[in-house]
Amino acid sequence: MIPMTTPKSPDAQPAQDAAPSLTPSTEAALAPAAHAPASPGATHIRSFVHRRGHITPRQRDALEQLMGKWSIAYAPRVLDCSAAFGREAPTILEIGFGMGETTEKIALARPEDNFLGVEVFNAGVGSMLHRIETSQLNNVRIIQHDAVEVVRDMIAPDSLAGVHVYFPDPWPKKRHHKRRLLQPAFVALLASRIRPGGYLHCATDWQDYAVQMLDVLSGEPLLENTATDYAERPAYRPQTKFETRGLRLGHGVWDLVFKRKG
Ligand SMILES: C[S@@+](CC[C@H](N)C(=O)[O-])C[C@H]1O[C@@H](n2cnc3c(N)ncnc32)[C@H](O)[C@@H]1O
């Protein structure tokens with residue numbers, strides 16, 4: 001088990017400082033995620049620091065009106081994906097979808113797949129809900145909760161067709177590296193939830209995180225690299241907002257695509 005700690009400095013996280021203007025009922029509905037860092041199940045180091053953040057009226061309205069329609073509440077029991085999506089189809093888990101631009105594009109381009117997006121950030125969830133509704137993305141569902149707990153508690157072993165982790169928070173300071181999502185224990189857990197032949201696709205614009213990802217993914221016995229080291233960006237992954245910013249700052253971008261062994 002990874003040791004319990006209290007989240008500290010939120011460097012490199014999206015700005016989320018102002019009080020959200022949600023109605024009491026929406027606040028109550030979001031409470032499990034909002035209080036995640038202090039939840040009794042918090043037995044691992046969080047990869048995020050949940051702060052109250054600014055949300056736009058559109059995101060707030062989407063949270064108010066669409067959570068019940070497109071989101072699944074976190075619960076410590078295995079999710080029945082066919083019931084959740086209303087059909088049998090390969091399920092791709094996306095961890096940390098941010099504002100959901102990439103999720104929307106990929107879900108539109110791959111209507112034959114189900115996409116389960118996990119995010120903790122209210123504005124991002126509101127934005128994704130709005131996209132699902134306006135683009136009629138019947139193949140997307142959201143869980144607003146810590147992905148580590150979702151994978152641990154809600155995803156059946158050997159069940160996922162794929163996992164997307166795009167531009168996870170880099171936690172650039174060395175003393176915060178322990179907060180990075182892609183650590184050996186979590187990658188082992190993730191790999192156990194991917195079905196044989198399924199894939200894990202990660203991308204980052206932080207070189208030392210790319211090196212860490214390559215090291216951790218290569219060290220996981222259930223996974224094998226589809227490339228010699230870093231992969232070409234697969235055609236289905238569009239360039240994200242974070243990637244565009246990284247490229248502008250002169251960073252490189254590294255994709256890693258590993259397959260679950262049979
Ligand atoms: C740097 S952003 C990248 C967003 C998006 N993937 C993109 O490429 O634009 C990382 C996102 O991961 C989310 N996140 C971090 N740790 C998480 C966790 N344990 N569970 C769910 N979401 C998480 C953050 O809230 C944030 O929105």
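This is a predicted model: local features need pLDDT of at least 70, side-chain atom pairs count only at pLDDT 80 or more; totals for chains, interfaces and linings use all residues.
## Around the ligand

Let's start with the ligand. In this model, 23 residues surround it, and the closest are F48, G96, G98, A147 and F167. If you sort the residues of this shell by class, you get 13 nonpolar, six polar and four charged.

Where do these residues come from? Strand β2 (114-119), helix α6 and helix α9 (241-248) each supply at least two residues of the shell. Keep α6 in mind, as we'll come back to that helix below.

## The annotated binding site

Now for something that comes from a record. An unreviewed UniProt entry places the feature "binding site" at E94, E119, D146 and D169. These four span 76 residues in sequence, yet no two of their C-alpha atoms are more than 14.1 Å apart, so they gather at one spot.

You can find E94 in strand β1, which covers residues 91-95.

## Helices α6 and α7

Back to α6, which runs over residues 147-154 and packs against α7, residues 184-193. The angle between the two is about 40 degrees, and their axes are 10 Å apart. What do we call that arrangement? The crossing of α6 past α7 is left-handed.

Which residues make the contact? On the α6 side they are V148, V151 and R152, while α7 brings F186, L189, L190 and R193. Sorted by class, the contact has five nonpolar residues, two charged ones and no polar ones.

## Helices α2 and α5

The other pair is α2 (residues 57-70) and α5 (residues 122-135), packed at an angle of about 65 degrees with their axes 8 Å apart. Roughly perpendicular begins at 65 degrees, so α2 counts as roughly perpendicular to α5. Here, too, the helices pass each other in a left-handed crossing.

From α2 come R58, Q59, R60, A62, L63, L66, M67 and W70. From α5 come N122, A123, V125, G126, S127, L129, H130, I132 and E133. How do the classes work out between α2 and α5? There are nine nonpolar, five polar and three charged residues in the contact.

Key
Residues are numbered from 1 along each chain as its sequence is written. Axes are lines fitted to C-alpha atoms, for helices over the stretch in contact, and angles run from 0 to 180 degrees between N-to-C directions. Helices (H or I, at least four residues) and strands (E, at least two) are DSSP runs, numbered from the N terminus. A crossing is left-handed if the near helix is turned anticlockwise from the far one by less than a right angle, and right-handed if clockwise. Two residues are in contact if their C-beta atoms, placed from the backbone, lie within 7 Å. Ala, Val, Leu, Ile, Met, Phe, Trp, Tyr, Cys and Pro count as nonpolar, Asp, Glu, Lys and Arg as charged, and the others, Gly among them, as polar. A residue is near a molecule or strand if its C-beta atom, placed from the backbone, lies within 6 Å of it. UniProt positions are given in the numbering used here, feature names are shortened, and annotations may be inferred rather than shown by experiment. Angles under 35 degrees count as roughly parallel, over 145 as roughly antiparallel, 65 to 115 as roughly perpendicular and the rest as oblique.
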